[in-house]
Amino acid sequence: IMLFKNPVIPGYNPDPSICRVGDDFYLVNSTFEFFPGVPIYHSRNLVNWELTGYCLNRRSQLELEGCRNSGGIYAPTIRYHKGMFYMITTNVTEKGNFVVHTDDINKDWSDPAWIDQSGIDPSLFWDDDNCCYYCSTGNLNGVRGIVAFKINPMTGEILSDKHLISTGCGGQCAEGPHIYKKDGWYYLMIAEGGTGPEHSISIARSRSLREWFCGCKRNPIFTHRNLGRDYPVIYAGHGDLVDDADGNWYVVMLASRPCEGHCSIGRETFLAKVEWEDGWPVINPGIGHLTEKTELPIGEYRLEKEVTHADFITFDQKKIDDRLLSLQRRDENTYSLIERKGFLRMYLKKQKLTEKTDAQYFGLRQKDYDFTFSACMEFDAERENEQAGIVCYQNHANHLSMRICGGKEKRKLQVIAHITE
């Protein structure tokens, strides 16, 4: 038995999707306008997670030029089938839905295979005959809902007619679909209610992938909408199911921890136990909401290196630390790690963080509201108009910068709040 604490992956890790390969669990999240895209987390116990890399780490996979705030990469799904990993997602800034693959999750993934299907939040499912099915939000014959069809996941080629399998389970904005098969039933898990206070998880099932999916009578099967905005965890929804090697079931989902009415550290990844009753999944049975601490029937497992909520970044390596994110793209001509050992040298652009551009930026995910951050900087403080500092960045319209301004007479510290209502 192991005790875990939610969120299991804190700070800006929304839209989690999970798969298991033997005793290993792999999880991915949305990254929107940030580069590289779609982080890969690894765990052996669902509690301790280690960032091992990204699915999209080069521009041929991830084009974000001109990306708006919260544009870019939406809701990825990770799946494994017969020796191959697949990650499918939407780039709303470029050409839409695509899938990439790799036979070694610790190495680079393929270039995108684009899919001729509109909508967002795509997912993949392999049936017992090894046929691969695609599902996502979509519009078929003027009806919005969840669209499904056969697909070649290596090429993106559509192999069957498209058909509508659900228009949702009574809530608004049916999205985030995932298909599973258990005990002869096909299950469709979806998010409903939008990503705000009404967010929820619903479930439907069918005997065939070509027939209508009928919803559970107690939908939504999980939500925090009835707990109020003062509850310490809100907006829970967008789940993905996984079982362990012993047949126990779990769900990962997004939720937010508010502070003074805002969720400025973003949507995070939470974990809950699942039991099956009368052919339907029950999330956190007897509790009905996310808990901060829960016991899991999993033995203790230690990662090869200690992973904590604290981040210590050094620049002794030959490449940028995986924990650092950039805006839209990463131009290797604008920084250097080899010019001076232990330093990151930045060749700054004219763009500012207040502009809707790919300003020079390296950022860490904020994992809590109460934290300490420090950075060592070296710059020519004697020159007029020279500035260096750090920023608490939400987006180009809302951020807090703390900077040292140079000059021959004296230096000064400026704290500037850039807030757009």
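Is Lys 181 buried, partly exposed or exposed? With a relative accessible area of 31%, Lys 181 is partly exposed (buried is under 20%, exposed over 50%, partly exposed in between, with a 1.4 Å probe and protein chains only). The model is predicted, so to speak, by rule: local features need pLDDT of at least 70, side-chain atom pairs count only at pLDDT 80 or more, and totals for chains, interfaces and linings use all residues. Residues are numbered from 1 along each chain as its sequence is written, and side-chain values use heavy atoms, with hydrogens and water left out.**View 1. Asp 128 and Lys 181 pair up in a salt bridge.** Here the side chains meet at 2.8 Å, N to O (a salt bridge is a side-chain nitrogen of Lys or Arg within 4 Å of a carboxyl oxygen of Asp or Glu). Asp 128 sits in the loop between strand S11 (123-126) and strand S12 (132-140), and Lys 181 in strand S15 (residues 175-182), so the pair ties together parts 53 residues apart in sequence. Strands here are DSSP runs of E, at least two residues, numbered from the N terminus. Asp 128 is exposed, at 63% relative accessible area.

**View 2. Asp 311 and Lys 367 belong to a salt-bridge network.** Asp 321 and Arg 323 are linked in with them. Between Asp 311 and Lys 367, the closest N and O atoms are 3.2 Å apart. Asp 311 counts as partly exposed, with 23% relative accessibility.

**View 3. Arg 340 and Glu 378 meet in a salt bridge.** The N to O distance is 2.7 Å. Arg 340 is partly exposed at 42% relative accessible area, while Glu 378 is exposed at 58%.

**View 4. Five residues make a nonpolar patch on the surface.** They are Met 377, Leu 400, Ile 404, Leu 413 and Val 415, with about 440 Å² of accessible area together (Shrake-Rupley method, 1.4 Å probe, only the protein chains shown counting as cover). Patch residues have over 30% relative accessible area and no salt bridge, with nonpolar side chains (Val, Leu, Ile, Met, Phe, Trp, Tyr) joined within 5 Å and like charges within 9 Å. Strands S29 (398-405) and S30 (412-418) each supply at least two of the patch residues. Val 415, in strand S30, is exposed at 54%.

**View 5. The largest cavity has a volume of about 80 Å³.** A cavity is a set of points on a 1 Å grid over the protein atoms alone where a 1.4 Å probe fits but cannot get out, and lining residues have an atom within 4 Å of a point. Its volume is the space filled by probe spheres set on the points. Among the lining residues are Glu 33, Arg 68, Tyr 393 and His 396.

Terms used: Helices (H or I, at least four residues) and strands (E, at least two) are DSSP runs, numbered from the N terminus. On a 1 Å grid over the protein atoms alone, a cavity is a set of points where a 1.4 Å probe fits but cannot get out, and a pocket is an open set with protein on both sides within 12 Å along at least five of seven lines; lining residues have an atom within 4 Å of a point.
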